[in-house]
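Let's take a friendly walk through a protein model together. Have a look at the sequence and the picture first, then read on.

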Amino acid sequence: MTDLTFLSQFADAAFFWGSFIFMVACSVAGLACIRLSLKGEAVTSLMGISCFTTVAGVSLYLISLPELFNVGFARDTAIALLVIGALGTIIFARFFRSGD
Amino acid sequence: MIQELFVLIYAALIMGYVAWNIRKGSFVIDPSKLVLVLFGIFLVSVAGLMLLGSGLSEAASIIMKIGAAGVMFAGVIPMVAASVGLMRFGEEYGPNIFYARNHITGVVDTTASLVMIFAGILIYRLDLVAVGFFFFMFIPFVGNALANAYYYNFQRRLEK
């Protein structure tokens with residue numbers, strides 16, 4: 001039974017650190033996306049913001065998991081960011097394409 | 001403390017394997033074989049835990065949680081590599097660098113959505129899987145719309 005306790009603790013620790021390091025990697029990608037969106041022209045900025053909504057949404061979704069930090073309201077924000085971010089990017093790209 | 005040490009070894013093994021794949025430019029082990037091998041390891045581990053006196057659901061959840069952690073660790077290297085690429089490819093490479101950047105942001109999107117899908121499956125969170133899958137379906141449309149917008153914008157600027 002001691003082995004099972006150890007494995008269970010290892011699984012919890014591995015999941016926590018895995019999610020945490022992935023969130024840190026997402027933050028690094030988010031910084032790169034912000035840099036891209038601040039430096040480039042209109043479409044490049046749109047691409048940077050689209051990428052930023054992705055990494056922010058995924059990080060927020062991971063924060064909302066009960067196995068990690070259990071921040072419930074982050075889940076709704078994450079869903080809104082991921083879904084509306086992608087849809088908004090497509091719509092704005094259509095605007096930029098037509099040049100209106 | 002000893003668990004964290006094992007986590008460090010586990011993370012180093014997985015990240016090293018992913019980095020080896022990226023360095024090689026193709027899969028070191030074919031994914032169709034790798035999935036079967038991983039599934040076999042999962043079955044053997046669950047059977048071993050059941051022999052040690054654990055219930056089926058408890059054993060499966062422990063092993064699947066370790067697998068979910070592995071998926072997260074595997075997502076770190078492509079994410080960091082993509083952010084280095086986004087930082088590195090500046091305007092000095094000409095106007096067509098947009099398409100390279102578009103590809104890099106596609107890598108970020110794909111990594112994020114695949115981590116959501118597989119980690120969600122492994123920790124029994126179907127909402128995470130659903131949002132990840134929904135987002136995964138949007139990725140090609142987003143990339144295509146951005147590339148299309150840039151192309152027509154660039155053509156208009158050339159005409160002026």
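## A tour of chain A

In chain A, the mean position of the 5 positive charges and that of the 6 negative charges are 18 Å apart. Here Lys and Arg count as positive and Asp and Glu as negative, while His and the chain ends are not counted. The place of each charge is taken as NZ of Lys, CZ of Arg, CG of Asp or CD of Glu.

Before going further, please note that this is a predicted model, in which local features need pLDDT of at least 70 and side-chain atom pairs count only at pLDDT 80 or more, while totals for chains, interfaces and linings use all residues. Residues are numbered from 1 along each chain as its sequence is written, chains are lettered from A and ligands numbered from 1 in the order in which they are written, and side-chain values use heavy atoms, leaving out hydrogens and water.

Now for the overall form. Chain A has 3 helices and 0 strands, which gives the pattern α-α-α along the sequence. Its radius of gyration is 18 Å, well over the 13 Å that the globule rule gives for 100 residues, so chain A is more spread out than a compact globule. This radius is taken over C-alpha atoms, and the rule is 2.2 Å times the number of residues to the power 0.38. Along the principal axes, the C-alpha atoms of chain A fill a box of roughly 70 × 25 × 15 Å.

Helices (H or I, at least four residues) and strands (E, at least two) are DSSP runs, numbered from the N terminus. The UniProt record, an unreviewed entry, places "transmembrane region" at residues 14–34, 46–65 and 77–96 of chain A. Such annotations may be inferred rather than shown by experiment.

What do residues 46–65 of chain A consist of, helix or strand? The span is 95% helix and 0% strand, with its end C-alpha atoms 29 Å apart. Residues 14–34 of chain A are 100% helix, and their end C-alpha atoms lie 30 Å apart.

The table lists their relative accessible areas and their contacts (heavy atoms within 4.5 Å), leaving aside neighbours within four places in sequence.

| Residue | Relative accessible area | Contacts |
|---|---|---|
| A:S59 | 13% | A:M23 and A:C26 |
| A:S50 | 7% | A:T89 and B:V142 |

Both A:S59 and A:S50 count as buried, because buried means under 20% relative accessible area, with exposed over 50% and partly exposed in between (1.4 Å probe, protein chains only). Across chain A, 48% of the 100 residues count as buried.
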